[in-house]
Amino acid sequence: MTLANPGALWWLVLIPLIVLLYVLRTERRRLPWSNVRLWRGLGEELEARRNWRPPRWSVLLALQLAFVVVGVLALTGPTLLRPPDGQHLILVLDASASMGATDVAPSRFAAAQALALEELGRLGPDDRATIIRAGAEARPLALAEPAPQARAAVEGATVGQAPGDLRTGLLLAGAAAATPAGRPRVVVLTDGAFANAGAGARDGWPVAAGELAAPVEYLTVGRGDANVAVTALALRRPPNGGPTAGYARVANLGSAPASVPARLFADGLPLQSRRLDLAAGASEELTFSLPPGTRAVAVQLDGADLLAADNRAEARAPASGDRAVTLVSAQPDLLARALRALPGVRVTTVAPDAYAGAALAPLVVFDGFVPRTLPAADVIVVNPQPGGALDVLGEAPAPATISYDRGHPLLDTIDPAALQISKIVRLRTPAWASPVLWTADGPALLEGVNGGRRVVILAFDPRASNLPRLRAFPLLLANALDRLGWGEREGSVVAGQAVRLPPNAGGQVVDGPAGTETVPAGALAFADTERVGRYAVHTADRAADLAEFRVSLLAPAASDVRPNALAPLAPAGPIAPPAAPAFAFTGLLLLGALAISTTEWWWWSKGR
Amino acid sequence: MSNPAPAARRPLAFVRRLASAIRPVAPAPRSAGLRDEAFLRRLERLALALQRPPTQGLAGDHRSRRKTDAPEFADYRTYTPGDDFRRIDWKAYGRLGTLHYRLGESHDDLALHLLVDTSPSMDWGTPNKLDYARQLAAALGYLGLARLDAVGAGALDGRTPPLPLVRGKARAGRLFDYLEGLAPASAGRPRLVGPSAADATPLLDAVRAYRRGAARGVVVLLTDAFFPDEHAAGLGDLLQAGFQPVLLHLLSPQELAPDLAGDLELIDSESAEVVPASLTPETLARYAERLQAWCGELERYCAARRVPYVRLSTAMPLEEAVLGELRRRRLLA
């Protein structure tokens, strides 16, 4: 027997309340009577004069208490449980990059799939199976399904090219084991390479024994470790405007020396070619300079090893002038000068009168003007005025004290204590914005996301403050630009890492190595970067190309494909098998409560 | 003797009369049941069967200890079995075909005094005790008038002028009007009969005030008897003065078996005294015991002095009370 909603027992506090109603007397009914001489001295006066009386036996009281008890019991959802008949097989498929190693033909992941299918083949008709894929993110592919559906889920699973999240996968398995689908049995199909990082909680496992309510077995796959990988790739443009410098590191993660040819490509054209002789566990760093105008760099290892996903890394080179900003202002001098002082920013100024037909950059700065509808771009609003998309209440002079969110990224390396504002624009704070810096008269700096666009609001005129004279001014603009706007992403994205999307008001599609994915309107980031390669972001109707980024593995731990044999993970203590609900008493109790309520009404009517 | 009291106590009496003259069907008076012809005829067959002191002067229908040879005709009534054949008017039988009994003045008559308690406690209950008392008094009075007894009436309030003795069925209307005019004493006003006059004997005063100058006879007290001990003095005074008192104890069904529950504040209709009471089955049982003890004490007191005592519930139909209960208790024969 279990209670589905034990919190409903709190309603039992109604019992003392009902008894209290019988104990306390609020008002006595006054009734004229012919002569009270026979009523005088009946022994009830003293008690009748008190405002309380000891509870007396009353059928109505008993019925009301019974109604509360039965009703509360019904609300708690008492359910009779019985042990499940069948087995609940929970398979965790390790889909991390190392499972793509080809030391087991055709790959470790395919071998794990075969083992999983064998396990599923042993299930009976009453058994259920849950399949969990532990890739860059762990998610269930089948939940307590019969064997045929589970087989289809296993067969449709693919290996990733990113570090796996086996910990979450195991926690999901533990949660599934607690469901009453059957006697749980958790089997992890893995190469154990995750234990190479040495970050496991116990014996290499990423979870502690007490975290799971079921014993964990594992079936291991893989036997080799020969792998040379590009483990780092970085590009940096010096502040003095010199050629972009590149840095790459190639590591031999196998147990035998390796000799691999390494080629460097700039915009697809060969830039360098070297043979790297690497001892076991050794690495070599490559440095290079890119020709002016180079937009993309790739490092390619041509040697044959077990894992192909880490043999190539790509990165976008930082280009000058590719952070376009549109400044809409009647007095653009101050902000234009400050924005242009930031590296890589190209500013186009537009007068408010010409805003309607102007071509806008991915980041628009409105100064002293706010349109009725914000554009489909990230926005900085400076000194908002009434009549626009923001609800301006008026102005307040000389706010006394300024408070701020010290840890907010917009205030990184900035000390707002020196800021003096002589006049602040009073705003009704939009529901989508939160204040970063505020005064007693309202927020002075806000940030939020509205309709897929990021918005920063500076609710005062910098010219009416000492901000332009402070070092904080360019830093604040730099921080804002760092959080807003989306040009083409510089550098390389590590596989499995979420990528911030351009302003996304109408939905987008992303073409990647695994195919095309649709991103709903308002989504801020794209997280399905499990496969290495080039990703391109388009508008939903593919009318415009919005951005592109390159994903590489670049994770030494994920490239270390040495298999590990792990001890089975036993639970911390004895585990009670989950029980399945056999009979719910809620309906019966509700009927009982209805019957008691009806009886109470009948009794009350009878007594009147 | 004129009786201005009813009109004075009923300020709308004139309006009511005017309305009854305008309306095609007059509203039924409170004693409308008494004017039912069949009921009145049945009453006529009854007679008070009380040991009473005979009056002097006019003769009634009761057999007199005095012998008279030539009784004077006074009235007719319908013949009933047991009547003296010699007094049947055969001429009337020849004309009308029905037997009529000649009433003569040489018979002893009975002075019947009807004293109605009009205290506020009587103006209570469903059916109303005062209404019931007035109707019962009217029935008894009509019965007496039909027997050519002398019938008088009064209120136990010491203020309302009594109705002097009247005789004959022709005076029945006057008796009815008097009884209809008896209004309840207003609530809160100190009553003459009741606990508010504990240091005196108000019942005795009221009785003395009535009997002063009244002919001896039967005094029927119609009351709920909610007076503490005065009945002793009042009834004793009547006995000592040569009257035959009869106590008709009227109680409403609500008083006999209260259908109450919960916490109440009972407000006395006369003294406005408030008695809080938590009414439970136990409380009601104790009340019933106390009521029985009180009634029993009253009955024993009356029995010790040969004062007829009849307890009546106002829930009992009037006809059943008169033709049934009072006959059963041998007050009527």
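1. Two strands count as paired if DSSP finds at least two bridges between them; strands are DSSP runs of E of at least two residues, and helices are runs of H or I of at least four, numbered from the N terminus. By this rule, strand 2 of chain A and strand 8 of chain B pair in the parallel sense over 5 bridges. A:L31 stands opposite B:L266 in strand 8 of chain B.

2. This is a predicted model, in which local features need pLDDT of at least 70, side-chain atom pairs count only at pLDDT 80 or more, and totals for chains, interfaces and linings use all residues. Residues are numbered from 1 along each chain as its sequence is written, and chains are lettered from A in the order in which they are written.

3. The strands form an open sheet of 3, in the order 2(A)-8(B)-9(B), with mixed pairing. Its edge strands, strand 2 (29-33) of chain A and strand 9 (274-279) of chain B, each pair on one side only. Strand 8 (residues 262-268) of chain B is joined to strand 9 of chain B in the antiparallel sense over 6 bridges, with B:L264 opposite B:A277.

4. The contact between the chains (C-beta atoms, placed from the backbone, within 7 Å) takes 29 residues from chain B and 23 residues from chain A. On the side of chain B that touches chain A, strand 8, strand 9 and helix 10 (281-304) of chain B each supply at least two residues. The largest share, 7 residues, comes from strand 8 of chain B.

Conventions
Two residues are in contact if their C-beta atoms, placed from the backbone, lie within 7 Å.
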